[in-house]
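Here are my notes on the model you sent for comment. They are set out as numbered points, to be read beside the coordinates.

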Amino acid sequence: MVDPTAFSDAAETRGMDAALDEELQGLQSAGLRRSLRQVHQRRAGTVLLDGERVADFASNDYLGLAADPRLSRAASAVLQAEGVGAGAARLISGNHPIHEVLERTLARFKGCEHALLFPSGYMANVGAIPALVGPGDVIYSDALSHASLIDGCRLSKATIRVFPHADVEALAAMLEADRHEFRRALIVVEGIFSMDGDLFPLDQLVPLARRYDAWTYVDDAHGTGVLGATGAGSVEHCGVTGQIDVIVGTLGKAMGTSGAYVAGSQVLVDYLTSRARSFIYTTGAPAAISAATLEALRIIQVESWRRDAVRERAMRLRERLRAAGREAPGMSDGHIIPVLIGDPMHTMRVVADLRRRGFLVGGVRPPTVPTGTSRLRISVSAVHPMELVDALAATLIDVMRGMPV
Ligand SMILES: Cc1ncc(COP(=O)(O)O)c(C=O)c1O
């Protein structure tokens, strides 16, 4: 006979489940529990959500490239020839020639000397920041930094100073107060902020950083492909190409594929190749994905209408909301459109109402955003038909009727 008490692990697991379940109940009653939905068959700004076709205003597929058949064909060709997996970390035996072609192409696109691929934007930030600064150094980080930047800063064990969102004067005062006490200083910001849709004034950041001998680190996850005359992102948009020390970009958003990169000088890339743990200790990207990303880069450069279409749709939606008395903060033609509600329960109720009426929008709650600032996060894509944008505006105004402005 088996004695069940002999399985102490099993007993602890039951204890764990009870403890975690209690926490989940707490999250549920605070309106903060998260769960997955099934999304597939992305087409022309719509998706099948749990089996029903809805307009997708929640994704980061700003240029409509994620389901573009040219990307699939580029990936398929390499998939047939090379198989699926890279087989190893790139420093071991997983460095495919196409990775290097993509890195050179990304570097040219961003106006940098070189670039290094990472498996995701999250991993780029948690790898690059701790490689660059550590104990004895200081990070000045924007108050609304993305979770991956916050985690990268914490992992670094550098002293962290958080300055009010996009407030260059406050940042200057902090640099003046204690920059001199530390060896290295890194200023961490997003080019266009993921949840607020506003730009960091990078043109003001550059001279300030120089004055205080600080390095600049710009996560341009949401600007790349969309902002700037050639789509190179917020750095190009702000006119500071070649003047930012470290630029991070993701490939899973406007590029429509997956992965990320850090771009900067040749020395920076050489250094991160030897020091960024999330680059060193992880398997290389599938070559087929890199092929698809190269195709996305080609399309971004030749199809500038996609960027124009994003801007037109963003302006139209903002205009409609404003006419109904609902202000949407952020850039006036910005593709990330936050609609502040405040309470997480109310936010998720609006999301559910919109969903019932055929629109998928993001509901963003703490800890993704500060308490009291729960919001809808609406993102427009080049492939949204304009009628769909108008329909969303009308439905949203209707659903929010009676809610405080
Ligand atoms: C500012 C920012 N940085 C990094 C990331 C992470 O990128 P990835 O999805 O490639 O991990 C995101 C994505 O949500 C983001 O918004």
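1. Ala-287 belongs to helix α11, where helices (H or I, at least four residues) and strands (E, at least two) are DSSP runs, numbered from the N terminus. Ala-287 counts as buried because it has 23 C-beta neighbours inside 10 Å; a residue is buried if 20 or more other C-beta atoms lie within 10 Å of its own, exposed if 12 or fewer, and partly exposed in between, with C-beta atoms placed from the backbone. Between Ala-287 and Val-389, which are 102 residues apart along the chain, the C-alpha atoms are separated by 36 Å.

2. A word on the basis of these remarks: this is a predicted model, in which local features need pLDDT of at least 70 and side-chain atom pairs count only at pLDDT 80 or more, while totals for chains, interfaces and linings use all residues. Residues are numbered from 1 along each chain as its sequence is written.

3. The largest nonpolar core has 119 residues, of which Ala-128, Ile-187, Tyr-261 and Val-262 touch the most other members; such a core is a set of buried Ala, Val, Leu, Ile, Met, Phe, Trp, Tyr and Cys residues joined through C-beta atoms within 7 Å. Helix α11 (residues 287–302) gives the most to this core, with nine residues. Because domain 1 (31–60 + 304–399) and domain 2 (69–302) both contribute residues, this core lies between them, the domain bounds coming from an automatic or database domain assignment. In soluble globular proteins, nonpolar side chains tend to be buried together.

4. Ile-187 stands opposite Thr-216 in β8, and Val-189 stands opposite Val-218 in β8. Strand β8 (residues 215–219) is mostly covered, with four of its five residues buried.

5. A second open sheet has six strands in the order β1-β2-β3-β12-β13-β11, and its pairing is also mixed. Here β1 (39–43) and β11 (336–342) stand at the edges, each with a single partner strand, so one side of each has no neighbour in the sheet. The twist averages 35 degrees from one strand to the next.

6. Which strand pairs with β1 in the antiparallel sense over three bridges? The partner is strand β2 (residues 46–49), and Leu-49 in β2 is the bridge partner of Val-39. The hairpin of β1 and β2 has two residues between the strands, and Ala-44 takes a positive phi near 45 degrees in this hairpin. β1 is hardly covered, the count of buried residues among its five residues being zero.

7. Asp-50, in the loop between β2 and β3 (52–57), has a positive phi of about 45 degrees although it is not a glycine, and Asp-50 counts as exposed because it has 10 C-beta neighbours inside 10 Å. Lys-157, in the loop between α5 (147–156) and β6, has a positive phi near 65 degrees, again in a residue other than glycine; with 13 C-beta neighbours inside 10 Å, Lys-157 counts as partly exposed. The peptide bond from Pro-366 to Pro-367 is cis, with omega near 5 degrees, and Pro-367 is found in the loop between β12 (359–364) and β13 (374–379).

8. The ligand is surrounded by 14 residues, of which the closest are Ser-120, Gly-121, His-146, Ser-194 and Ala-221; a residue is counted if its C-beta atom, placed from the backbone, lies within 6 Å of the molecule. Helix α4 (residues 121–132) supplies the largest share of this shell, three residues.

Definitions and conventions. Pairing = 2+ DSSP bridges. Axes fitted to C-alpha atoms, helices over the stretch in contact; angles between N-to-C directions.
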